[in-house]
Amino acid sequence: MTVDFDHAWPVSPPEAVLAALGRLGAGARVATDADNTLWSGDVGDELVRLAGSPPFAPWQPGQVDLDGYLLAMETDYAEGCRYAARILRHVAPADVVPVLDEALRQRVRPRRWLIEALRAAMARGVQVTIVSASPRLTVQRGALLYGLAQCEIIAVDTHSDAVVEPAPVGNGKVQAWQRRGLPPPDLALGDSRWDLPLLRSARVGLLLERACDDPRCDHAVV
């Protein structure tokens, strides 16, 4: 399976997404992307921006190449995602969390109507897993800040200096899901071409308008 950059996948309006979630009962599984699906913005970008810009703390100046990262995200997206996770090896998570949380509060907006619907689904017994190409710590903090702390998370992990493979980027989202022995998702949600493999793997796959372009992003009721 390869990422099909030319595939025309229709964008589902909020009403269709809410209806699909509403049909799920206890035991059903949802796999959802995070950045620009659950929230407006990219938590991995925010991490690298913190690390590569003054005042840099808790990183040291020069430890992180912000310009190189931004270029990679345009020319080699998968490597850019892996780089964002690797920069955490320089610092202790406890030192990162306060500055990261502040950055997320300032720059990342939750898609409230979707988060509210996912929380309602979980209350009915639906199992929701966030499948993200951002570093695990950043996804955990976003989920905690925006009311999805109970979700399972599949994200980019590292061991020593290496990224744990398969990293959940593009086709790797499906591979990482399958590696956990999970059945195909009943519903998968995403916002970009990098989510298409995950959408194809699900019984129902819905492509959403990017949260940064969603005029109802901040609204709890659609």
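Q: Let's start with Glu15. Is Glu15 buried, partly exposed or exposed?
A: Glu15 counts as partly exposed, because its relative accessibility is 44%. Keep in mind that this is a predicted model.
Q: Which residue does Glu15 form a salt bridge with?
A: Arg216. The closest N and O atoms of the two are 3.4 Å apart.
Q: Where in the chain do Glu15 and Arg216 sit?
A: In distant parts of the chain. Glu15 is in helix 1, residues 14-22. Arg216 is in the segment after strand 10, which covers 204-208. They are 201 residues apart.
Q: And how exposed is Arg216?
A: Arg216 is partly exposed, at 29% relative accessibility.
Q: New pair. What do the side chains of Arg203 and Asp186 form?
A: A salt bridge, at 3.0 Å from N to O. This pair also links distant parts of the chain, 17 residues apart. Arg203 is in the loop between helix 9 and strand 10. Asp186 is in the loop between helix 8 and strand 9.
Q: Why does Arg203 count as exposed?
A: Because its relative accessibility is 56%, and the cut-off for exposed is over 50%. Asp186 has 22%, so Asp186 counts as partly exposed.
Q: What about Asp213, which partner does it have?
A: Arg210, with the closest N and O atoms 2.8 Å apart. Asp213 is partly exposed at 39% relative accessibility. Arg210 is also at 39% and partly exposed.
Q: Which residues are joined into one network by shared partners?
A: Asp33, Lys173 and Asp195.
Q: Last one. How many salt bridges are there?
A: The count is 14.

Methods
Residues are numbered from 1 along each chain as its sequence is written. This is a predicted model: local features need pLDDT of at least 70, side-chain atom pairs count only at pLDDT 80 or more; totals for chains, interfaces and linings use all residues. Side-chain values use heavy atoms; hydrogens and water are left out. A salt bridge is a side-chain nitrogen of Lys or Arg within 4 Å of a carboxyl oxygen of Asp or Glu. Helices (H or I, at least four residues) and strands (E, at least two) are DSSP runs, numbered from the N terminus. Buried means under 20% relative accessible area, exposed over 50%, partly exposed in between (1.4 Å probe, protein chains only).
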